[in-house]
Amino acid sequence: MKNKLIDEDWNKFLSNEFKSEYFSQLSSFLSSERKKNKTFPKKNQIFNAFNSTPFNKVNVVIIGQDPYHSYEGINENIIPHAHGLCFSVPKEAKKIPPSLKNIFKELNQDLGFSIPKNGDLTTWANQGVLLLNATLTVRAHEAGSHQKKGWETFTDNTIKKLSEHKKGLIFLLWGKFAQQKETLIDVNKHFILKAAHPSPFSAYNGFYGCKHFSETNKILIENGKKEIDWQIK
C-alpha cells in the first residue's frame, strides 16, 4: 500500500507501516478529528519532513515531540504554526516560538549568524536535516491531543529504519524526550549529540553552549559529506 501524501523514496521503506492495523486506526482517528475539530498541520503538510528530506538524502536527524497547536490570523487567513517540520514555523508566521528563538540564539553563539527574521527551517530540511516530530498532528489549542494514537509507533519505526538502512547519521537529541529515542539507534553506526531542550525552562541547563551546529558540520566533513549551511535568510 502506498501513501499518496508521502515521498516515493520513503514509501519504499514505510510501506509496511501504511499496511498495518495501527495505521488504519490512526487514519480513521484523523478523519474523525478533521470533521469535528481544527487540526494541524494541513493535510498536505503532515509528511512535510519526509517530503522535504527524501530517505536517501538524510544525513542529520533532529527529533521533536509534538507539532505547534497555535495559529495566527493574517489578512483573514489562518496560518498554522505547524507545517510538518519540528521546531519550524512557516515563513509568513509573525511569531517565532520561544524554543526556536533559543535555537537561533545558540546558532548565533556557535556560528556567528545573525538572528533570523523568520522561523522557517525548510532550507535545513532541503539539505538533508530530517526535522521529525514524534507525533505528526495535533488538535488546535490542545497540546499533545494526538499523542498515543499511533504516530509514536510510526515515527519510532521510522527511526529504526534509518538506523538499520543508513550509516553515519548524526542524531541531535535535545531534551529527555528526544534522548529516550537513543534506544532505537545503533550507536555503533551513527553519531549522537545530546543537550538540554531549547525550551526557556531548560536552555540554560546545557542547550546554550552545546555547539551542535558546528559539531555536526565537523562530523559531516570528517566523513566526506557536505556540511550544512545553517543560516536562515
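Biologist: Where is Lys 148 found?

Modeller: Lys 148 is found in the loop between strand 6 and helix 6. Before going on, some ground rules. This is a predicted model; local features need pLDDT of at least 70, side-chain atom pairs count only at pLDDT 80 or more, and totals for chains, interfaces and linings use all residues. Residues are numbered from 1 along each chain as its sequence is written, and side-chain values use heavy atoms, with hydrogens and water left out. Helices (H or I, at least four residues) and strands (E, at least two) are DSSP runs, numbered from the N terminus.

Phi of Lys 148 is near 60°, a positive value in a residue other than glycine. Lys 148 is exposed, at a relative accessible area of 77%. Exposed means over 50% relative accessible area, buried under 20%, and partly exposed in between (1.4 Å probe, protein chains only). His 141 is found in the loop between strand 6 (138-139) and helix 6. His 141 is not a glycine, yet its phi is positive, about 65°. With 53% relative accessibility, His 141 counts as exposed.

Helix 6 (residues 151-165) and helix 2 (residues 21-36) have axes that come within 9 Å and cross at roughly 130°. That makes helix 2 oblique to helix 6. Axes are lines fitted to C-alpha atoms, for helices over the stretch in contact, and angles run from 0 to 180 degrees between N-to-C directions. Angles under 35 degrees count as roughly parallel, over 145 as roughly antiparallel, 65 to 115 as roughly perpendicular, and the rest as oblique.

Which residues meet here? From helix 2 come Tyr 22, Phe 23, Leu 26 and Leu 30; from helix 6 come Trp 151, Thr 153, Phe 154 and Asn 157. Contact means heavy atoms within 4.5 Å. By class, this contact of helix 2 with helix 6 has six nonpolar residues, two polar and no charged. Ala, Val, Leu, Ile, Met, Phe, Trp, Tyr, Cys and Pro count as nonpolar, Asp, Glu, Lys and Arg as charged, and the others, Gly among them, as polar.

Now the rings. Rings of Phe, Tyr and Trp (its six-membered ring) pair if their centres lie within 6.5 Å; planes under 30 degrees apart count as stacked, over 60 as edge-to-face and the rest as tilted. By this rule the count comes to 23 aromatic pairs. One of them joins Phe 47 and Phe 50: the centres are 5.9 Å apart, the planes are at 65°, and the pair is edge-to-face. Phe 47 is buried, at 3% relative accessible area. Phe 50 is buried, at 0%. Elsewhere, the rings of Trp 124 and Phe 213 form a tilted pair, with centres 5.8 Å apart and planes at 55°. Trp 124 lies in helix 5 (residues 122-126) and Phe 213 in helix 8 (residues 212-222), so this pair ties together parts 89 residues apart in sequence. Trp 124 and Phe 213 are both buried.

Ring pairs also build a cluster. Its members are Trp 10, Phe 13, Phe 18, Tyr 22, Phe 23, Phe 47, Phe 50, Phe 55, Trp 151 and Phe 154. Tyr 22, Phe 23, Trp 151 and Phe 154 take part in the helix 2 and helix 6 contact as well.

Helix 4 (residues 98-111) packs with helix 8 at an angle of about 60°, with axes 8 Å apart. That makes helix 4 oblique to helix 8. Helix 4 brings Ile 103, Glu 106, Leu 107, Asp 110 and Leu 111; helix 8 brings His 212, Phe 213 and Ser 214. The contact divides into four nonpolar, two polar and two charged residues.

Last, the strand side. A cis peptide bond joins Phe 40 and Pro 41, with omega about -5°. Pro 41 is found in the loop between strand 1 (39-40) and helix 3 (48-52). Leaving aside neighbours within four places in sequence, Ser 70 is in contact with Phe 40, Pro 80 and His 81. Ser 70 sits in the loop between strand 2 (60-64) and strand 3 (71-74). Ser 70 is partly exposed, at 26% relative accessible area. Ile 74 lies in strand 3. Ile 74 is buried, at 18%.
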